[in-house]
Amino acid sequence: MANMDLKKTPMPTQEPLVRARNFSEVALGYTEEMALSEAERCLNCKNMPCVSGCPVNIHIPEFIAKVKEGDFEAAYQIIARSSSLPAVCGRVCPQESQCEAKCIRGIKGEPVGIGRLERFVADWHNEHFSGEVKKAEPNGHKVAVVGSGPAGLACAGDLAKRGYSVTVFEAFHAVGGVLIYGIPEFRLPKSIVAKEVETLKALGVEVQTNFVIGKTLDISELFEMGYEAIFIGSGAGLPRFMGIEGETLKGVYSANEFLTRNNLMKSYKNDSETPIMHAKKVAVIGGGNVAMDAARTALRLGAEKVYIVYRRSLDELPARREEVEHAMEEGVEFRLLTNPTKILGYRNPDDRRDPKNGFVTGMECIKMELGEPDASGRRSPTQIEGSQEILPVDEVIMAIGTSPNPLITSATAELETNRRGCIVADSKGQTSMEGVFAGGDAVTGAATVILAMGAGKTAAEAIDEYIKSK
Amino acid sequence: MFKILRKKVLSPAVTLMDIDAPFVAKKAEAGQFIILRVNDDGERIPLTISDFDREKGTVTIIFQIIGSSTAQLGALEEGEYISDFVGPLGRATETEGRKKVAVVGGGVGCAIALPVAKKLSQQGTEVHSIIGFRNKELVILEDEFKAVSKKTVLMTDDGSAGQQGLVTAALKALIDSGEEYDEVIAIGPLVMMKFVVATTRPYGIKTTVSMNPVMIDGTGMCGGCRLTVGGKMKFACVDGPDFDGFLVDFDEAMERNNMYHDFEHHKYEETCHLLHKEVQ
């Protein structure tokens with residue numbers, strides 16, 4: 001019996017004011033009853049519009065049909081055919097602009113909670129499945145994957161399933177890329193990433209941590225070592241700053257640094273060897289998912305006041321809607337149409353060696369207004385003269401975007417890049433070098449986990465064709 | 001896991017270790033650094049490479065015990081392992097075409113200055129080394145410097161070894177005596193490098209300094225190691241660690257380096273306490 005409720009089955013969450021002070025996961029996940037009820041909202045449309053909204057083309061109505069039957073393992077197997085990281089995507093995909101945006105139920109009422117169902121199915125599998133993962137018959141070919149983020153892991157997983165011997169090279173000491181250094185524990189528990197990585201290892205994927213390609217090894221050396229093709233998924237890791245006065249003051253972080261200290265190095269834990277500032281008043285600059293993550297992390301570290309400072313309005317906020325809502329519920333204050341112009345620091349005029357010197361004391365901001373839409377269709381913000389004000393903060397986190405890391409491209413002259421430093425690759429991931437493929441943020445600039453995964457999958461297919469045609 | 005093949009205590013506060021890391025050894029050049037983690041909960045510590053042996057596959061690090069993590073590292077023995085060791089990171093020191101160079105090392109910074117002096121000497125550059133320490137007890141690598149330098153001047157703050165005074169005094173004396181250097185390379189505490197630059201600036205001698213700010217990844221990702229060089233923001237890990245000393249904002253770098261002073265002090269006390277307990 002179809003469930004004709006106009007609203008999604010609500011997702012149970014931790015209470016906002018409780019969760020704003022802990023690092024445990026915010027959304028608690030559906031129970032079996034909730035999943036069954038939400039699955040009944042799917043009309044199993046013949047033309048499957050939702051699938052066309054998914055960057056990796058998961059057979060959505062098919063897996064939801066299995067959920068309706070209560071056969072959760074079968075549902076998982078359907079998702080796993082298309083996605084290497086279901087438990088991750090169910091949590092971090094911007095479903096509202098992808099699969100759920102195309103859902104017929106969304107025309108009148110809310111779309112089917114596809115992301116929530118995906119998460120339920122993946123978690124159910126991780127909890128209940130105890131069988132052996134089936135390794136593919138080895139085909140005798142070796143492929144190297146650079147970077148263990150979503151693009152690299154998706155590519156490695158798909159190649160391993162086709163029988164390739166795959167080695168993933170990771171610069172950090174731990175595997176997962178942005179999934180472990182960037183996205184916080186309360187949104188994506190690291191145990192879930194670890195579990196997904198274990199599944200890939202069971203498929204035969206080998207991981208080498210502490211290898212910086214472009215430094216420890218070059219692309220040419222990987223070929224000499226017998227790898228027949230290389231996939232580069234090195235991400236967009238280089239943080240941007242605004243170029244305003246005061247950005248080298250103590251208490252100014254890039255979101256990358258702030259989040260890496262917390263997520264990868266666990267500096268929020270009392271026994272961590274890695275320090276982090278526990279600020280009282282924090283301003284986070286930017287309006288994307290990373291900005292929301294940083295703001296909510298700052299709250300959990302004990303800040304009394306956290307501001308999101310964003311130069312456009314609420315409608316233009318690029319973050320996933322759920323993250324914005326969660327941040328607001330938790331008490332993050334949004335200073336919209338506001339842009340920083342200067343960061344102010346402490347300076348003791350009588351004592352040059354005062355250890356307090358150089359710590360942030362505030363941030364000067366200016367009000368903005370939105371003008372006419374520009375060539376990109378976005379209304380560009382302009383400053384309102386004379387509207388400066390000082391926001392009293394002791395920490396500023398810059399979450400205004402990242403650029404691709406140049407370590408590999410600067411060590412590999414043959415690898416063509418564009419003006420923004422992104423690796424040039426065609427729609428299949430083929431770069432300017434024979435046998436070298438690339439995908440994810442290294443090619444597109446900062447984007448989403450699922451787009452990177454999609455690029456990794458596409459490249460895996462292209463690599464398979466390339467090696468077979470040799 | 002990376003094995004400690006050799007450990008040698010150089011002075012009460014400074015220890016040398018050879019680490020089994022063949023991939024790093026194969027690529028390492030003077031001036032580059034590595035990042036290590038002592039154990040699975042460890043902090044990522046950047047250390048400049050002191051030496052390397054491509055055939056044996058070893059990388060030598062020399063470190064001063066200044067905090068919790070270096071204390072834990074110092075407590076390990078030959079045959080034991082550290083969790084992570086990654087590199088070589090950063091750019092190598094440029095040495096090409098120099099005829100005569102003064103290498104100035106201060107304290108444990110001498111451990112990083114030595115491979116630079118060695119490389120210069122191997123390529124036929126005349127090297128004058130000026131090495132400074134607080135006192136005789138802390139002197140390290142004097143013989144190694146002598147082996148690769150035409151002149152070696154040892155300075156101590158209290159005069160208990162070599163001459164009494166600062167490295168800048170010795171450098172100025174050499175310049176004033178008519179030595180013509182293509183370049184001065186200074187590696188040591190920030191305040192020392194700042195004053196080396198103040199010494200060479202009036203003479204207009206190109207001066208290169210090696211910066212070692214706080215960092216996490218060492219690949220350009222965190223931006224924690226940013227410095228102002230010639231009015232522009234630079235990341236020490238990928239743009240450096242060597243920079244034109246005349247352009248570096250040392251006061252800002254010194255301020256940034258004490259950001260976590262309280263935390264580090266607290267952690268160090270804790271670790272010392274734990275290590276002390278283990279010994280008992």
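1. Let's begin with A:Cys422. This residue is buried, with a relative accessible area of 0% (buried means under 20% relative accessible area, exposed over 50%, and partly exposed in between, using a 1.4 Å probe and protein chains only). The closest cysteine sulfur to that of A:Cys422 belongs to A:Cys155 and is 18 Å away, too far for a bond. A disulfide is a covalent bond between the sulfur atoms of two cysteines; here the test is a pair of cysteine sulfur atoms within 2.5 Å.

2. Now look at B:Cys237. Its sulfur is 3.8 Å from the closest cysteine sulfur, that of B:Cys225, which is also too far for a bond. B:Cys237 is buried, with a relative accessible area of 3%. Over all chains, the count of disulfides is zero.

3. A word on how to read this model. It is predicted, so local features need pLDDT of at least 70, side-chain atom pairs count only at pLDDT 80 or more, and totals for chains, interfaces and linings use all residues. Residues are numbered from 1 along each chain as its sequence is written, chains are lettered from A and ligands numbered from 1 in the order in which they are written, and side-chain values use heavy atoms, with hydrogens and water left out. For chain B the mean pLDDT (the predictor's confidence in each residue, from 0 to 100) is 93, and 98% of the residues of chain B reach 70 or more. The model scores ipTM 0.91 and pTM 0.93.

4. On to the aromatic rings. Rings of Phe, Tyr and Trp (its six-membered ring) pair if their centres lie within 6.5 Å; planes under 30 degrees apart count as stacked, over 60 as edge-to-face and the rest as tilted. There are 12 aromatic pairs over all chains. One of them is stacked: A:Phe23 with A:Tyr268, 4.0 Å centre to centre and 20° between the planes. A:Phe23 lies in the loop between helix H1 (16-19) and helix H2 (32-39) of chain A, and A:Tyr268 in the loop between helix H12 (255-263) and strand E7 (281-285) of chain A, so the pair ties together parts that are 245 residues apart in sequence. (Helices, H or I with at least four residues, and strands, E with at least two, are DSSP runs numbered from the N terminus.) Both A:Phe23 and A:Tyr268 are buried.

5. Which kind of pair do A:Phe241 and B:Phe235 form? Theirs is edge-to-face, with 6.4 Å centre to centre and 85° between the planes. This pair crosses between chains, with B:Phe235 in strand E16 (residues 232-235) of chain B. A:Phe241 and B:Phe235 are both buried.

6. Ring pairs also link A:Phe169, A:Phe211, A:Tyr227 and B:Phe23 into a cluster. The charged end of A:Lys142 sits over the ring of A:Tyr227, 4.5 Å from its centre (the rule asks for NZ of Lys or CZ of Arg within 6 Å of the ring centre and within 35 degrees of the ring normal). Likewise, the charged end of A:Arg300 sits over the ring of A:Phe186, 3.9 Å from its centre.

7. Strand E15 (residues 226-229) runs antiparallel to E16(B), joined by four bridges (two strands pair if DSSP finds at least two bridges between them). B:Val229 stands opposite B:Lys232 in E16(B). In this hairpin, which has two residues between the strands, B:Gly230 takes a positive phi near 60°.
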